[in-house]
Amino acid sequence: GMTRPRSSPRVRAATSSLSLPARVGLFLATVLALIALATACGGPPGEPVEIVVPSGASFADVTDTLGAREIIRAPGLFAIYARVRRDDRRIKAGRYALPTGSKWGDVLEILTVGRVETVPLTIPEGFRLPQFAPRIAALTGVPEDEVLAALGAEGADSAYSVPGPGL
């Protein structure tokens, strides 16, 4: 009788692995599942929790903080979601107030836009830098000498968008 031709190792390997369209479909399904999970992760916003993202902080540190403070659920999946959105490298430093149980997309929008906590500050007319620097230091937690150095630097008025001839 007829003998059946043997398949080569290359043919066996190609048929045992997923085809390119199947891989693309699997990838898209995974992305859609992450998006659905991100939409589902979070519920009614809880109490706002203050976090500080230091300048130069790694995204892993930010994610750990968000998870530890219960602002997000499933920090590992959140990190993947942020990478898919390419937001993991766009986080801005600052002090934020984020509600516990937040939706992932909402958290990423706030952190990438840099919607930081603001504090009203009135400086009476005629006050000089040494007179209001202690108040800024107290509000920000930055040492007074650093506040004086930053605000006294050349071009600080335009860097901080302060109208007028200078600080």
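Student: Among contacts between residues at least 6 apart in sequence, how many join residues at least 24 apart?
Tutor: The share is 53% in this chain. Keep in mind that the model is predicted.

Student: OK. What does the secondary structure come to?
Tutor: Eight helices and two strands. Going along the sequence, you get the pattern α-α-β-α-α-β-α-α-α-α.

Student: And what percentage of the residues is buried?
Tutor: Of the 167 residues in the chain, 25% count as buried.

Student: Let's look at helix packing. At what angle do α4 and α5 pack?
Tutor: About 60°, with the axes of the two helices 11 Å apart. Helix α4 covers residues 75–84 and helix α5 covers residues 104–113. Angles of 65 to 115 degrees would count as roughly perpendicular, and α4 and α5 are therefore oblique to each other.

Student: Left-handed or right-handed crossing there?
Tutor: Right-handed, as α4 passes α5.

Student: Which residues meet in that contact?
Tutor: From α4 you have Leu77, Phe78, Tyr81 and Ala82. On the α5 side they meet Trp104, Gly105, Val107 and Leu108. By class that gives seven nonpolar residues, one polar and no charged ones.

Student: Is α5 mostly covered or mostly exposed, then?
Tutor: Mostly covered, with seven of its ten residues buried. Those are Trp104, Gly105, Val107, Leu108, Ile110, Leu111 and Thr112.

Student: What about the backbone just after α5, where does phi go at Gly114?
Tutor: Gly114 takes a positive phi there, about 85°.

Student: Switching to the rings. How many aromatic pairs are there?
Tutor: The count comes to three. One of them is Phe59 with Phe78, a stacked pair with 6.1 Å from centre to centre and 20° between the planes.

Student: Where do Phe59 and Phe78 sit in the chain?
Tutor: Phe59 is in helix α3, residues 59–68, and Phe78 is in helix α4. The pair links distant parts of the chain, 19 residues apart.

Student: Buried or exposed, those two?
Tutor: Both Phe59 and Phe78 are buried.

Student: Phe78 also pairs with Trp104, and I have that down as edge-to-face. Why?
Tutor: The ring planes of Phe78 and Trp104 are at 75°, so the pair is edge-to-face. Their centres are 5.8 Å apart.

Student: And what does that pair tie together?
Tutor: Phe78 lies in helix α4 and Trp104 in helix α5, so the pair joins parts of the chain 26 residues apart in sequence.

Student: Which residues form the aromatic cluster?
Tutor: Phe59, Phe78, Tyr81 and Trp104 form one cluster. Phe78, Tyr81 and Trp104 also turn up in the contact of α4 with α5.

Student: Now α6 and α7. How do those two helices cross?
Tutor: Their axes come within 9 Å and cross at roughly 125°. That makes α6 oblique to α7. Helix α6 spans residues 129–140, and helix α7 spans residues 144–152. The crossing is right-handed.

Student: Which residues make the contact?
Tutor: On α6, Leu129, Pro130, Phe132, Ala133, Pro134, Ile136 and Ala137. On α7, Glu144, Val147, Leu148, Leu151 and Gly152.

Student: How do those divide by class?
Tutor: Ten nonpolar, one polar and one charged.

Student: Is Glu70 buried or exposed?
Tutor: Exposed, at 57% relative accessibility.

Student: And Arg86, what is its phi?
Tutor: Arg86 has a positive phi of about 65°, although this residue is not a glycine.

Student: Where is Arg86?
Tutor: In the loop between α4 and β2, the latter being 94–99. Arg86 is exposed, with a relative accessible area of 68%.

Definitions and conventions
Residues are numbered from 1 along each chain as its sequence is written. This is a predicted model: local features need pLDDT of at least 70, side-chain atom pairs count only at pLDDT 80 or more; totals for chains, interfaces and linings use all residues. Side-chain values use heavy atoms; hydrogens and water are left out. Axes are lines fitted to C-alpha atoms, for helices over the stretch in contact, and angles run from 0 to 180 degrees between N-to-C directions. Helices (H or I, at least four residues) and strands (E, at least two) are DSSP runs, numbered from the N terminus. Angles under 35 degrees count as roughly parallel, over 145 as roughly antiparallel, 65 to 115 as roughly perpendicular and the rest as oblique. A crossing is left-handed if the near helix is turned anticlockwise from the far one by less than a right angle, and right-handed if clockwise. Contact means heavy atoms within 4.5 Å. Ala, Val, Leu, Ile, Met, Phe, Trp, Tyr, Cys and Pro count as nonpolar, Asp, Glu, Lys and Arg as charged, and the others, Gly among them, as polar. Rings of Phe, Tyr and Trp (its six-membered ring) pair if their centres lie within 6.5 Å; planes under 30 degrees apart count as stacked, over 60 as edge-to-face and the rest as tilted. Buried means under 20% relative accessible area, exposed over 50%, partly exposed in between (1.4 Å probe, protein chains only).
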